[in-house]
Amino acid sequence: MSNGSGSTQQIKDPCETKKSIHESDIRLAVYKYDPNIEKPLCDKYGIARGGEWFRIEKGREMVTNETEMFTCGTDTGLWMKGDVPKFGDGEVARKACVPGNVDACEKTYNIKVKNCKSHFVYFLVPPTNCPEAYCFGYGVPGTITKEKTEKPRVEHDLQKIIGRRGAYQELRFKCSFTPKRNSVLLYKIFWYINNSTNPFSTSKIVRKEDLNLAYLTVENGLNTITLGIQLACRVRLYLNPNGAPGPFSPMSDYFFAGLQAEQTSYYVSHDNTTDIKFRLTVPFGCPFIKTQDLNPSNCTMEIIMDVPPVSKCTGQAIAGLLKCGKTVYSYNWNSSQTLTVRHHGSTDYNLIKDFQIHLKAQQPGGSGKYWQNTRLTGLHVNIHVLDSPNQQWKGSACYAVSDPHMKAFDRSMTFENQNSGTFTLYQYKDDYGNTMEIQSKVTSCNGSPDIYCTCGIAIRSAADVFMIDRCPDRKPWYFGFPSCVENTLKVTKRKGNEWTYWIHFVTGTYVEARLQHRFNAYTIELHVFPSRKDVNRSEGLCSRLGSNTLREKGTGKNLEGDPKAFALSWSVEKANDLFLMNYQQIRNFDPMKQHKKLCICDPNITKVNELIEESLCTNVDTINCEPSIKSVQQDICFEKHQRRRRSPFSHIPMNIVHINERKQKRSVPKFTPMTKEEAFKWCTDYMNQSMAFKACTKVPSVDPNDAIRTCALDIMLTNTTDWASASREGLKSACFKELRQNQTLQTAERGKSQSIAEQIKTISCPNECSGNGVCNNGNCICRNNYGAGDCSINFNDPPHVFGANLDTGGLCDKPVCKIASLEGDPFLDRPELTCRMEEFEINYKGENKSLGVHIVPAVHNTVADIRCPFPHLRQKRSSPTNNEFVVAYKIAVSNDGKSFSDNHLLYILDSTCQDTLNVSGQLRFTLRAGYCFIRGRCVRDSVFSGRDNCKICDANVDQFGWTTLKSKPGCTITSDQPQKTSYSWIAGVVIGCIALLTTIIIALACWMKKYRYVKDSFPELKPPKYQESQKMSYKH
């Protein structure tokens, strides 16, 4: 009878098989097991269904004659019918026979065998009955010892290895026991992991004097496992290495090898810390400085956080510092290690209570694979977060809207701030002295000196500052990061909505800024939403959360009865006004102390230069889990800082940008004076026309009377209803904050398909689509020629561009020039946002040549700044007549790919040899002394032309071409290479029609002896006006 089971194991060459069959020592034909005291082998459950390949060493081939009962360690030993194949025969099909009472081969199984020269491989299928097992090796007949050792124990040490590149230590494990006195006995060690019944490694059979050869080492299986395992061993005795074995010793206790927690459960309350403790249970090896040294050098192992990447957005989770964890030193590897865990309050009301922490070991330049870059599961800690009794922050909000109408964190604290200047809207100082603050800038608006609006916001978190300044005295406007040192401020916006931005502190507090444009006023509506940290700690116009007072700055006196005095007390002095600080002043802020822990530990970082052995924290901001949320990138800030740090050019032009006010469909307000009663009635009716407003009134902690009150106050102050939508949108902001954070509102009631949050979001659109579109499932579908998230922008009006790379005056240094950064208003976040880039080259004579126009997709960052990637379409020309000196782009932007803005210039120079000058208010390009500029690259004086030793850069002869060494034997001057080229005539070309005073001409003549320079000549485009800046130093 035959069993035709097929294979499920896919191996290209079966000879590469590493797996050995379990319990091979007792499969010998001479081994007779005692069914009264031993359990028989059964391969029905030990071989994979469908069959698998096994490696068998030479001398232990499958027996080829009938087996006897109770041999081979089982009741029925299976033998192979046919000879063992020779090397080169390939895979040979054979039959495995089941001996019976009538026939030696009553039943068969289809197997395969291959001779691999140094060993054999067998493809075996699981038998259909138990107890049946394949029989391998005949063995040597003789006496079988009945002795066995006592229960062994697992020990470890480090062994010195001398390798090809020097000496180093390797970990090894010893199965420790007391050998028998009988010197004839032989020993074999079996190693098991994680309660497996089959050994993962077996040693050779050795004498007791050679037991060190039976250690578990890299050579016999240690590198096939990952530490963080339970390890055990047992011993078997032999009288003959080819004979049947004696009984097993008892199994040793399991020893945990790896990283182990001293305690598995920890408890921490909100915003507090606790220490987790762990230790290494085995050492790690270090190298020897010299091979002959007796002791190795000291080395370290890093135990770092192992968490999912932030991009997976798993919600609130214990995370750690960038480069967070613990450094373990080899000389005290077995000491208890401590890592502080900090729970940081989430913006969510219903906190997740259970977390897990996983660590992984990294040994830079480490020894074995069992340590290097392996994840260890030894530390698995559950942290139970206890509920905080303080819930005052829930449902609270501070705002400054419209004129501005103010409300402190505590619900009843409302007042007016009809004052001009910069104010501290919010301030928080933590236990480490770190300052987090929001400054708001207020100016007159609406055409009246008595009506004020918020036009700017500056948010600081220690050394990081984010700013939006759209005030009349700021040209051009500012929108971005003046300082982004530590990434402790996170700025996000909803994709497709250019007007609303969320700025998050690491404490969980965040501010929503909604940009408004009415008539000629550019305003910002501000809502600040607190966290637990703010309770009895916040200050500013938002006042102290939980105090129910308006606290005067400095004294803490309650000025609820004099709100004007309260507001003026929080006026910011000029020295502390973020809007008035220059770049260097802002950069002087102290970096975040300790609070740097509030970051997510990136598991993809493998090169750690300095490990911070402090604390772990939660991801305080779960808002990024929403796929419709888009981060505002800070790399523009980093690009600006990099350009500023280099400051390689002598003259950095400062563009004087004239900002044309964006035309609005309603450029003149509609005056509708009303009494107080009429205003409240009108606002109530107006608000109730919005389905989203009515739905939000049912959300807990959302007070519709706030919106109606501010709407009525606006009407009475301005005699117009044009500001009413700001109050409506403000209430919707508070409403959506509750929807994001209240888990109850996000859960659908029984019998309903949608939760309250989903119902409101489907009927709510930004600014009710401005009357230029329809709301569809929370998104505006705009009519033709209108766009933006709220359909407020007419595409026929292109964006106003203030300039390209404004921070460097339109100059871009080639070594760091990666992208063009454009500032303006408004840039819409849509696929049609396009850059038109006309490429030019300017030669050393001041002539320009167009190289083509490229249309490239823009990269949207905010409504006020985008990036235009350089097209990189032009192939470098190798013509000997190439006179290119400067590459330039004229850049225009369109929101719809059709209507483009005015062009703005960007020049790309190489500061290695190129520089800029201010010549009578005009930008000029020059070549630094000691350089040539040949075929688009800088060449130092006296440098040869590649392999041509006849041509050299000689700046005294020709700064824009190779000079032939006529005095060198074998070198001749070609027809296109003059012996001497003078560029003294360039001055006339460069200066052109510019009338200069005699003294200036003399000064320029002196300059001409040292420099060659060209002008920025674009006949069809007037260059922007420049004013001379202070000359900046540079180094070659």
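Which residues touch the most other members of the largest nonpolar core? The views below come from a predicted model, in which local features need pLDDT of at least 70 and side-chain atom pairs count only at pLDDT 80 or more, while totals for chains, interfaces and linings use all residues. Residues are numbered from 1 along each chain as its sequence is written, and side-chain values use heavy atoms, without hydrogens and water.

**View 1. The largest nonpolar core.** Leu425, Ile438, Ile503, Val528 and Leu541 touch the most other members of this core, which has 53 residues. Strand β28 (residues 421-429) gives the most to the core, with four residues. A nonpolar core is a set of buried Ala, Val, Leu, Ile, Met, Phe, Trp, Tyr and Cys residues joined through side-chain atoms within 4.5 Å; buried means under 20% relative accessible area (1.4 Å probe, protein chains only). Strands are DSSP runs of E with at least two residues, and helices are runs of H or I with at least four, numbered from the N terminus.

**View 2. The disulfide of cysteine 398 and cysteine 542.** The two sulfurs lie 2.1 Å apart; a disulfide is a pair of cysteine sulfur atoms within 2.5 Å. The pair links distant parts of the chain, 144 residues apart: cysteine 398 is in strand β25 (residues 398-401), and cysteine 542 is in the loop between β36 (521-529) and α1 (563-569). Both cysteine 398 and cysteine 542 are buried.

**View 3. The disulfide of cysteine 683 and cysteine 711.** The S to S distance is 2.0 Å, and the link is left-handed, with -80° about the S-S bond. Cysteine 683 belongs to helix α4 (residues 676-688) and cysteine 711 to helix α6 (residues 704-718).

How values were computed:
Buried means under 20% relative accessible area, exposed over 50%, partly exposed in between (1.4 Å probe, protein chains only).
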